[in-house]
Amino acid sequence: MSTAQGRGTHAKAILGPELYAKLENTHVLLVGAGGIGCELLKNIVLTGFGRITLLDLDTIDLSNLNRQFLFRKKDVKQSKALVAAQTASAFNPNVKITPIHDNIKEPQYDIPWFQQFDLVLNALDNLDARRHVNRMCMAGNVPLVESGTAGYLGQVQPLLKDRTECFDCIPKPTPKTFPVCTIRSTPSQPIHCIVWSKSYLMGQLFGEDEDADAGGELDAAEKEGENAQEIDALRKEATAFKAVRDALRSPTNQDAAHLVFQKVFNADIKNLLSMSDMWKSRSPPIPLDFEGIMNGSFVLRQGANADASTSKLPEAALKDQRTLTLKDNVSLFIESTNRLADRLRNGEDTISFDKDDDDTLDFVTAASNLRSSAYGIETKTRWEVKEMAGNIIPAIATTNAIVSGLIVLQALQLLRKSYDKLRNVHLQFKPAVPLSTISLSLPNPQCGVCRDTYTVLRCDPARATLGEVVKGLLGEDEREVSVYEGQRVLSDPDWDDNNERTLESLSVTRGKFLAIVDEDGELTTLSVGIALLPDDHPADAPPFILPSPLPQPARRVKPPPPAPETPHKANGNGKRLLPVELDDGVIDMAPTPKKPKRNGLAPASVPNGPVSVGTKRKATGREGEEDKSSPSKKRRLEEEGLVVMDGVDDKLEEEPDFILIDD
Amino acid sequence: MSSSKSEPGLNNSDEQSGTALTEEEASRYDRQMRLWGLEAQQRMRNATILVVRLRGVATEAIKNMVLAGIGKLVIVDGEDVAEEDLGAGFFFRDEDVGRKRLDAAKPRIESLNPLVTVETVANAISLQSAEFESIIETVDLVCITDESRDTLIQINQLCRKHKKPLYTGGTYGLHGYIFCDLLTHEYLAPIRGESGEAPKTVKTSAKYTSLDQALQHKWSGLTRRQTKEVNPALVFSILALWQYQSLHGNQLPNAVENADELESIANGLIQSADVNKQVLTRIPRDLMESLSVTANHEFSPVCAIVGGMLAQDILKALGGRDPPIANLFVFDGNTGSGTTIRMKMA
């Protein structure tokens with residue numbers, strides 16, 4: 001306990017004695033102890049939230065220290081959650097922090113576990129975890145504050161079931177993928193070559209022995225209609241990889257790196273060149289001549305400055321920002337391949353790309369630059385490759401600090417139940433309004449997450465059967481249903497083979513959800529969270545406890561008939577994007593959609609149809625009727641200073657209020 | 001880029017802006033250099049910043065600037081740690097109560113980033129003294145926090161005399177402000193909206209004004225929308241707090257009984273500033289009452305926001321890229337909104 005009675009003087013005066021006292025008993029979950037997490041932990045500790053559970057699966061890296069201020073150099077490689085808790089505890093001895101070094105998606109963090117918290121604060125850096133926590137909070141009806149930062153931009157969004165949008169009410173854009181053949185045969189941008197090196201080449205040489213998988217990917221591409229002749233050539237390439245894989249692992253082979261070079265940057269390219277169709281309207285790649293490059297006689301392209309040795313940039317002060325010549329890249333390739341081969345020979349089973357692993361970064365830099373050179377694409381510095389291959393989002397302390405302060409302010413409104421005071425807050429580049437606030441939208445009636453009816457089934461999955469559980473949950477209700485776990489169908493009105501099987505045998509276990517879907521589409525889906533039986537459950541009692549009263553799914557709100565307007569853009573409904581989750585081998589080149597900034601002029605790309613000029617808007621629940629495509633898109637555009645017109649002849653009102661700042 | 005007199009950003013006293021970063025620096029600053037670039041980092045690295053008064057906002061701003069890797073930090077504060085300081089001052093611990101603030105804080109500030117030099121002036125020096133003036137001469141930028149308007153005006157004159165850019169900031173309960181006078185500030189403004197390639201930049205020059213000049217600002221030039229956008233109720237509430245403080249021997253209001261006087265000051269200021277009457281003629285009473293009660297208090301989340309904006313702007317000013325605040329920013333903790341108004345700026 002703190003010896004300083006007066007430490008709460010200021011906070012008490014600002015919050016008032018009741019709220020201040022309430023905070024002492026408030027139990028909050030903070031998911032993430034990184035950039036936002038460190039700042040947020042500091043704020044909630046100082047503000048006096050009495051019980052804090054902090055969860056993070058990550059360990060500390062040197063590059064974290066420019067902003068994750070609870071960590072020191074000596075803490076590198078230790079658990080973020082543990083070190084953060086230790087450092088921050090000193091800021092307020094009255095507060096108890098429970099750190100957990102684990103993944104929030106683990107089954108033991110089930111709905112009852114989430115329900116012990118009065119509030120959940122996300123401080124995450126990926127879409128998958130955000131979606132998961134959103135779902136658990138909707139299911140458990142726990143208030144959640146979502147947030148994100150990237151560079152100077154940031155956002156805070158409170159989420160409360162039935163009162164506000166949930167995280168999934170507005171679809172987030174899926175990460176951009178490239179066609180297989182672009183990556184494998186016809187790259188045209190540096191990123192294609194980087195993806196190729198990082199995922200394909202590294203995988204072939206240093207990854208799992210994946211003959212089957214490589215074949216699988218090619219089979220799928222063939223089905224998609226990609227060029228059959230090309231696919232066949234790629235298949236041949238896959239088997240030829242085996243020879244070099246073996247060379248890399250053989251302790252006696254001193255020439256492995258050179259072999260790889262010859263195969264990948266010479267023989268394989270020659271192979272592709274034989275498919276003349278491909279190069280009818282494209283500039284063909286040039287096979288690289290190892291000896292020629294090393295002795296300076298090889299000329300890549302006549303006239304073109306393929307070597308970039310006369311760079312416009314001054315001598316880089318950072319080694320990594322040097323532009324590499326073709327020869328540099330060849331040397332780096334051989335050298336890094338040898339280092340990786342040595343690691344294999346010394347017992348490492350597989351090696352995959354990690355931006356913080358110098359050997360793999362060197363390899364990917366060299367390999368992608370060599371490929372780029374062969375294809376006449378501009379090369380990148382190691383610095384740039386690290387960012388592109390490693391999906392690095394630039395990050396600074398101040399944005400996280402500002403966002404964290406804003407999170408606490410919204411959290412307090414949630415705790416006070418001052419729902420009309422809740423706001424989404426954005427950090428933006430607009431000089432007059434650097435911090436902009438907008439009112440929250442109501443839930444999307446079609447949302448596949450928060451519009452479900454949630455319930456918890458405590459059970460022993462090893463004994464409870466699918467049939468008895470579903471029957472028990474439906475009770476008197478005799479309607480026809482299909483039952484899913486995730487994407488998997490477990491039963492439908494015509495197929496009840498699984499009814500006698502235990503939940504566990506169907507992989508329906510703690511932390512997962514059974515979805516009971518109404519065949520007629522009249523009622524909302526019943527989403528059943530699986531939790532364990534209490535410790536004192538008698539051994540002879542049934543292996544499940546039905547919720548009491550039984551859940552009554554509500555009537556489903558049917559989607560309105562499609563409106564006669566252009567469909568919304570492929571990159572989502574215009575909602576500001578949190579940093580986009582990037583899967584291996586897949587990179588989103590433009591996570592932030594371009595926003596036209598022309599005050600008072602209707603941009604060319606505004607959808608036609610029933611959107612009205614922005615005026616003061618409270619969340620009345622009528623948004624869904626007005627703008628059928630997306631309740632938030634109109635708001636989003638207006639937030640950027642656009643006035644959305646009804647039609648070509650509409651006139652601007654005198655000084656419409658298109659920035660919604662609460663009065 | 002070689003050092004030249006027409007280089008944007010600040011004129012640093014140190015000529016080593018071309019020195020290569022060490023391995024340690026390259027790793028530590030990797031994520032931020034990917035945002036603002038190597039050159040801006042080098043300018044920060046060569047800068048000496050003076051911070052006056054170590055309360056909540058300064059604590060946050062210092063943390064941010066030290067993490068970012070400024071060259072040297074000089075802090076002036078002659079006071080002792082009070083129990084209330086522990087609410088937002090995370091450089092202090094229970095056992096520091098009664099000790100000099102700077103004695104307690106110095107090692108903890110240094111531990112945030114050993115690459116930054118930290119110098120503290122813990123003896124109580126007057127801001128009117130020759131000693132203080134001599135400190136100003138040795139730094140590249142001055143940052144005063146939680147100080148009264150009248151003192152700020154004096155220090156502003158001193159900074160102008162020695163051609164030092166000035167930042168000031170503070171919080172009043174849930175609200176806060178930042179004011180800056182960057183003399184004539186040159187920077188490379190990025191033209192945003194380009195993806196893929198590095199954004200183009202255009203060299204821009206902004207002429208700032210001193211605080212006493214800025215306070216003469218008339219609002220008649222603004223449209224109704226422009227007026228409303230910048231939260232005039234809060235701006236004038238803060239100006240009223242400053243005036244109240246001036247009339248009451250440096251004391252802020254600290255009880256709801258003071259609301260009447262505060263309100264009358266505020267409404268007088270609104271009148272004489274020619275604020276658009278359709279937008280605002282009087283400050284909402286509840287804002288006056290809540291400020292009367294809370295102005296004298298600081299709150300960690302609000303300090304984090306204002307301290308964050310403050311440090312971010314100082315770093316932008318040092319870096320010479322991106323436009324800094326021009327010239328009064330106010331933060332409204334009731335909603336979370338932050339707006340900037342140009343007061344008597346060209």
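This briefing walks through a helix pair, a sheet, a salt bridge and one glycine.

The structure is a predicted model, in which local features need pLDDT of at least 70 and side-chain atom pairs count only at pLDDT 80 or more, while totals for chains, interfaces and linings use all residues. Residues are numbered from 1 along each chain as its sequence is written, chains are lettered from A and ligands numbered from 1 in the order in which they are written, and side-chain values use heavy atoms, leaving out hydrogens and water. Helices (H or I, at least four residues) and strands (E, at least two) are DSSP runs, numbered from the N terminus.

**Two packed helices**

- Two packed helices are described by the angle between their axes and the distance between the axes.
- In chain A, helix H3 (residues 35-47) packs against helix H16 (residues 397-416) at an angle of about 45°, with axes 8 Å apart; axes are lines fitted to C-alpha atoms, for helices over the stretch in contact, and angles run from 0 to 180 degrees between N-to-C directions.
- That makes H3(A) oblique to H16(A), since angles under 35 degrees count as roughly parallel, over 145 as roughly antiparallel, 65 to 115 as roughly perpendicular and the rest as oblique.
- Residues making the contact (heavy atoms within 4.5 Å) include A:Ile36 and A:Leu40 of H3(A), along with A:Val403 and A:Ile407 of H16(A).

**A six-stranded sheet**

- Strands of a sheet pair through backbone hydrogen bonds, either parallel or antiparallel.
- Six strands of chain A form an open sheet with mixed pairing, in the order S11-S10-S12-S13-S9-S14; two strands pair if DSSP finds at least two bridges between them.
- Strand S11 (488-491) and strand S14 (544-545) of chain A are at the edges with a single partner strand each, so one side of each has no neighbour in the sheet.
- S11(A) runs antiparallel to strand S10 (residues 481-485) of chain A, and three bridges join them.
- Within this pairing, A:Val483 stands opposite A:Ser491 in S11(A).

**Salt bridges**

- Over all chains, the count comes to 63 salt bridges, each a side-chain nitrogen of Lys or Arg within 4 Å of a carboxyl oxygen of Asp or Glu.
- B:Glu24 forms a salt bridge with A:Lys73, and their closest N and O atoms are 2.6 Å apart.
- This pair joins two chains, because B:Glu24 lies in helix H1 (residues 23-28) of chain B and A:Lys73 in the loop between strand S2 (51-55) and helix H4 (80-89) of chain A.

**A glycine in a loop**

- A:Gly511 sits in the loop between S11 and S12 of chain A.
- Not counting residues up to four places away in sequence, A:Gly511 touches A:Pro107, A:Asp110 and A:Ile530.
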